[in-house]
2 protein chains.
Amino acid sequence: MQRYRLTLEYDGSGYNGFQAQAGQPTVQGAVETAITAFCGQTVRIAAAGRTDTGVHATGQVISFDLDKAWPERTVMNALNAHLTNDAVTVLDCAAVGDDWHARFSAVGRCYLYRILTRVAPPALDRGRVWHVRKPLDERAMQAAAAALVGLHDFTTFRDVNCQSKSPVKTLDVARVDRVGDEVHLIFEARSFLHRQVRSMTGTLAEVGLGRWSIDDVAAALAARDRAACAPVAPSNGLYLTGVRYEEANT
Amino acid sequence: MQRYRLTLEYDGSGYNGFQAQAGQPTVQGAVETAITAFCGQTVRIAAAGRTDTGVHATGQVISFDLDKAWPERTVMNALNAHLTNDAVTVLDCAAVGDDWHARFSAVGRCYLYRILTRVAPPALDRGRVWHVRKPLDERAMQAAAAALVGLHDFTTFRDVNCQSKSPVKTLDVARVDRVGDEVHLIFEARSFLHRQVRSMTGTLAEVGLGRWSIDDVAAALAARDRAACAPVAPSNGLYLTGVRYEEANT
């Protein structure tokens, strides 16, 4: 038996999220089908982040076991050949030890949220950005984002269906950058609550639009009440960009 | 009567090029249909660059006349509303004088060509880049590109169906940049021959792959022979990024 770690890029637009569901197109389903087509084996893959419907990835990480120890490059090229008709690609493949796990070995997840701020809707980036027609004050958003960094009870920014045992998480990075017509929000944490990034983004957008103050964001966080959250940002601006692992485990 | 100048962004993937053709989806057809839906008038639009099938634009410029002088913002928003189901968006609209023409007033066209250089095929940028699996030496490409700049007979880099009266053109800019996993080629000229950018890109890629020398490129140019051109780069990596006009005319 050989365990493999794969890094995936995907366009989430056509998938009902990462996690396999009977009769629905999912990223997990596409990859597991490709693995079976390659080597005949039926496998269950584990993922660092179970992204929602419409959410993209440029650095999702998965792991799974194969009976036979194929060369890494063979696995990568074969899976990409079987994924030709899917919006999923294998960026990297590495053979790893049996104790390594894409989800449980992860010590950090990085997300990017792209907001397109212009009057004209996107043509090239349709389904890849959140289109906000009004100007956003990215400096005010950055200042408000700073209020979210650190160890907090993030109940306000947690979906009601979140399965996490505790709403207390440490947000390591919350950065807001202007990139041409876009505002990019970058978040990093050991782990996130369900829809936490989109909930925080929706709230920070209110600050960018001048409707919420920085104090309003701090008050919403302190409220520990889902009702205090601003409207959740849409899924299609969100990207899982990377996963961090302890050096010794990668 | 009022003449308008529009700046367009489009994803060329689903269109048989810019120019209207009966029974085929084209960018021109989509925009003219939207104009008719907006104001009832049947118009013919003029464009700065008649992009090929699969070629994209982030800064195409068109002009046309309307019987009634609508506010600029009304024209832009109405056309974007009618283009909701098309991969075309109006970035800007300006009322211009009757002597202004998107094609004939243009004094410069700017193109970007994106090459993705990695083993894995693109998932997010499928149809938006040329995927080259092997590494490219972008410095060698830049050195070879410099040999193309200036006033030359570009017969080698001209499609056999090119309608231009003369193959002699002045290439003002030919730059090659590394941007992460991508190599970007930027070309600027008053005007280009048919498929000139893709022909030059295909030839410069041979240099990047180490199969052609810089002298080979200079010899191909000097040959003034279409047969001396390397394979033409595919359409879907090409973007018309902007058009320049004399200050007084814009």
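Predicted model: local features only at pLDDT ≥ 70, side-chain atom pairs only at ≥ 80, totals over all residues.
Residues are numbered from 1 along each chain as its sequence is written, and chains are lettered from A in the order in which they are written. Local features need pLDDT of at least 70, side-chain atom pairs count only at pLDDT 80 or more, and totals for chains, interfaces and linings use all residues, while side-chain values use heavy atoms, with hydrogens and water left out.

Chain A is assigned domain 1 (2-104) and domain 2 (108-244), with bounds from an automatic or database domain assignment. The C-alpha centres of these two domains of chain A are 27 Å apart. Contact, defined as heavy atoms within 4.5 Å, involves 16 residues of domain 1 of chain A and 15 residues of domain 2 of chain A. Between them the two domains bury about 1100 Å², with 48% of this area on carbon and sulfur atoms; buried area is the accessible area (1.4 Å probe) that two parts lose on being put together, summed over both. On the side of domain 1 of chain A, the most area is lost to domain 2 of chain A by A:Asp52, A:Val55 and A:His56, which together account for 40% of what that side buries.

The two domains of chain A are joined by 3 salt bridges, a salt bridge being a side-chain nitrogen of Lys or Arg within 4 Å of a carboxyl oxygen of Asp or Glu. In the salt bridge between A:Asp11 and A:Arg128, the closest N and O atoms are 3.0 Å apart.

Between the chains, 31 residues of chain A are in contact with 31 residues of chain B. The buried area is about 1900 Å², to which carbon and sulfur atoms give 52%. In chain A, A:Ala123, A:Leu124 and A:Arg126 lose the most area to chain B, together 31% of what that side buries. There are 2 salt bridges between chain A and chain B. B:Arg118 forms a salt bridge with A:Glu9, with the closest N and O atoms 3.0 Å apart.
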